[in-house]
Amino acid sequence: MAETLKPVDVVTIGVGLTGSMAALEMAQSGLKVVGLERGAPRFTVPDFQSPAIHDELRFSIRKAMMQDNVKVAVTFRNNSNETALPIRRWESFLPGQGLGGSFVHWNGQSFRAQVADFVWRSHTIQRYGQKFLDACGPELTIQDWGVTYDELEPYYDRFEYLCGVSGKAGNIKGQIQPGGNPFEAPRSREYPNPPLKETYFGAIFRKGAESLGYHPYPQPSSNLSRPYTNPLGLKLEQCVFCGFCERDACEHYAKASPQTIILPVLLKNPNYELRTSCEVLRINLDSAGKKATGVTYVDGAGREFEQPAEIVFITAFPLNNVRTLLLSGIGKPYDPRSGEGVVGRNYSYQTTGGPTVFMDESVNINPFMSSGAPGTMIDDFSGDNFDHSKLGFIGGQYVGSIMTGGRPIEFHPTPPGTPPWGLEWKRAVARHYNHTILIQQHGTSMPSRLNYLDLDPTYKDAWGQPLLRMTFDFPENDIRMSQYIADKVVEIGRAMGGKIVVRGGTKRPYTTTVYQSTHNCGGAVMGDDPKTSVVNRYLQCWDVPNVFSLGASSFPHNITYNYTITIGAVTYWALDAIKNKYLKSPGPLVPA
Amino acid sequence: MTFRRLLLAGAAAVLGPLGVITLVQAQSAGRQPDAKHGAVIVAQGTAAGAPPCAQCHAFNGVSDASGAFPRLAGQSAYYLTKQLRDFASGERANALMSPIAKALSPGDIADVSAYFVGVNAPFLPLKASDAALVKHGQELAKVGGAERRIQNCDNCHGPAGAGEPPTIPYLAGQYAHYIAFTLQMWRQGFRKNSLNTMGVIANKLDDEEIAAVAAYYQQVQSTLETVESQAKD
């Protein structure tokens, strides 16, 4: 029998990026906040220090910072006719666990979305027509987000300054800025810090891309280019290009993470209480199912508690936001046969993969000297930056040379035809290790009525609750898009001087056994219509107005870019409305 | 062979064939550094007016127990080369070293550095520092300080300060007086010939903490022993 605890004003389910942002705003508004984190507490000192931290085997291969899938896995299948099986080893995507969540092991790649992303359906129809969209795939379920770029701009700005993003503006209030990305959405001011120094592989990419008439720019990065004090008074340091950013934590206070940019202030706030090793089982509802009364969780000793609260924020990894809603009976689950229901609908992923460019032995790349976001890139093929009218697909990809380190276990480039083991393989690795450049294609993935998340009928977690089931394959639209761009990028590889250029591009079927991206999104999407969205434009559940589901589960499709900065912007946007409207008058912020 | 020398030998064996450009190679393309010529400069100085390095640093690079001059034996050649070039250019200003470095040609600098990196010299017997101070220093060096966001020193300077060649110098067995003096130079902005990192970190340390890390690293006189004792823990 669960012990009922003293009521609080706010509970966050998860203490990662959105959980710490929401908690700080609420605690500063005078509310009592409890943060429930299923993982362990961890801090830059002592947990992220050497020699323990630069451990590729432990963190990158064995995924020590990821969700414990012995306790809670995700089941997967490519389509509804298959039987889903649990993913017992994370490979394709890496949901984080522990204080700070996935915002600890991210790379720091810090982009804004495009203006068109937020009005994706109306933009596409306006530019290309309904017939064109239907021809791209009748199964696509793209929709507008219910919020516009202009509305989000101040919140993008606020979040970038919180992180200390290092970059070069390409468009300030409509004025194109030399050195930046000429395609970017207009921003109100320059980045808080200048871009990181260009790497050698970046310089080679820049030269190749420029020779073909493209527009290279430095990748915006939350690995900082110089010491910086953020608006909360927290000091960050300069990235030292250690090469262990990806899948790892920063030992230098040089990467934005909850630990470096929010938590030290939050944890000192007397209105806040952090509870770690607490697994939330469900959100409890009143008898009418219209109001949340709190949450039920199990602590590290296996004791069950009920924590009453006035407001519940679901602030877990996107997949876990959706699972929490399903386990709590909030919102109507999506039914792929009828197309009705919303929870689990519009789950989408990210198209990734690009060519490998094998250079001459005289070109020394030194890939081990790198940060998590050291790229030089182009946006010529991003989103809707190019004319799609004769192409038969929507969406696009950024292209860039972004090598996040030449770590010894993972980085063994060998040209096609090399044996996969033995002396010849070793010789090929020694020959190519320091003379190979990877180019990223990274872009949109469109939602489809065939792809969704629901509760698995068979497999359960350590607490006896159903696992989340993922049914996913890339829509043909995404494959056409990725393959079209793959051809263009091979040309860039050749222009860079590549002796051998191995073509990239996404193929079907999607597999969970190869790393692609941790940008899982959708499933609890935002919008203007309760029939096609779980939350309104302020991320408030239509059905249970004192529950807010924050993060990328609210994105109706996946944008071209790594989505973290957009998560921050949308979260600040929602928190602003909650602080200034909801707290004054609790209830639906948008009439259903 | 000490652990540090093993690392250096390993670096040469692994990185060399992969073609990593070191500063030394880049600066004197087509010419290999000549450690024997370096030894002559260390012992006799140069005709251009550079005095013998050995006058202060001793022929084997251990300097003297005063700690006024840093230990150079086994220090990364890249690091030594960069410091000499920075002394010459004024990037690292020092009234003693700048004129000396200016009197050395790029080839001399490469040769002297190649000589010192290859010396396997003993550690001078020194008076033991206060045990509590060393312990405090060890904590900062290996763990850091959470309250004021001080990362540990070993992150970059290697396990027990063994160094991370080619760019990052060893601290193990370096004289406490020199480490403390250098940290003060970073803190006060007189030394700034690398990333902002050291200046920022030195500014987080108070005088007692500087004395503590300096005392700790001075007594780590054999990194091999340290690594072995860690393995037993």
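Predicted model: local features only at pLDDT ≥ 70, side-chain atom pairs only at ≥ 80, totals over all residues.
Residues are numbered from 1 along each chain as its sequence is written, and chains are lettered from A and ligands numbered from 1 in the order in which they are written.

In the interface, 21 residues of chain B are in contact with 22 residues of chain A, contact being defined by C-beta atoms, placed from the backbone, that lie within 7 Å. On the chain B side, two or more residues each are given by helix H1 (3-18), helix H9 (154-157) and helix H11 (197-204); helices (H or I, at least four residues) and strands (E, at least two) are DSSP runs numbered from the N terminus. H9(B) supplies the largest share of this side, three residues. By class, the side of chain B that touches chain A comprises eleven nonpolar, eight polar and two charged residues; Ala, Val, Leu, Ile, Met, Phe, Trp, Tyr, Cys and Pro count as nonpolar, Asp, Glu, Lys and Arg as charged, and the others, Gly among them, as polar.

Chain A contains an open, antiparallel sheet of five strands in the order E8-E17-E18-E20-E15, where pairing requires at least two DSSP bridges between two strands. Strands E8 (217-218) and E15 (351-352) of chain A stand at the edges with a single partner strand each, so one side of each has no neighbour in the sheet. Two bridges join E8(A) to strand E17 (residues 376-378) of chain A in the antiparallel sense, and Pro218(A) is placed opposite Thr376(A). A parallel pairing over four bridges links strand E3 (residues 33-36) of chain A to E11(A), with Leu36(A) opposite Arg275(A). A residue is buried if 20 or more other C-beta atoms, placed from the backbone, lie within 10 Å of its own, exposed if 12 or fewer, and partly exposed in between.

In chain B, helix H10 (residues 176-187) packs against helix H12 (residues 207-219) at an angle of about 145°, with the axes 8 Å apart. Axes are lines fitted to C-alpha atoms over the stretch in contact, and angles run from 0 to 180 degrees between N-to-C directions. The contact of H10(B) with H12(B) has ten nonpolar, two polar and no charged residues. Among the residues of H10(B) that meet H12(B) are Ile179(B) and Leu183(B).

Helix H13 (residues 476-495) of chain A has 20 residues and reaches 29 Å from its first C-alpha to its last, close to the 28 Å expected at 1.5 Å a residue, the expected span being 1.5 Å times one less than the number of residues. Its buried residues include Met481(A), Ile485(A) and Val489(A).

Two cis peptide bonds are described here. One runs from Arg508(A) to Pro509(A), with omega near -10°; the other joins Pro165(B) and Pro166(B), with omega about 10°. Pro166(B) is placed in the loop between H9 and H10 of chain B.

Methods. Contact = placed C-beta atoms within 7 Å.
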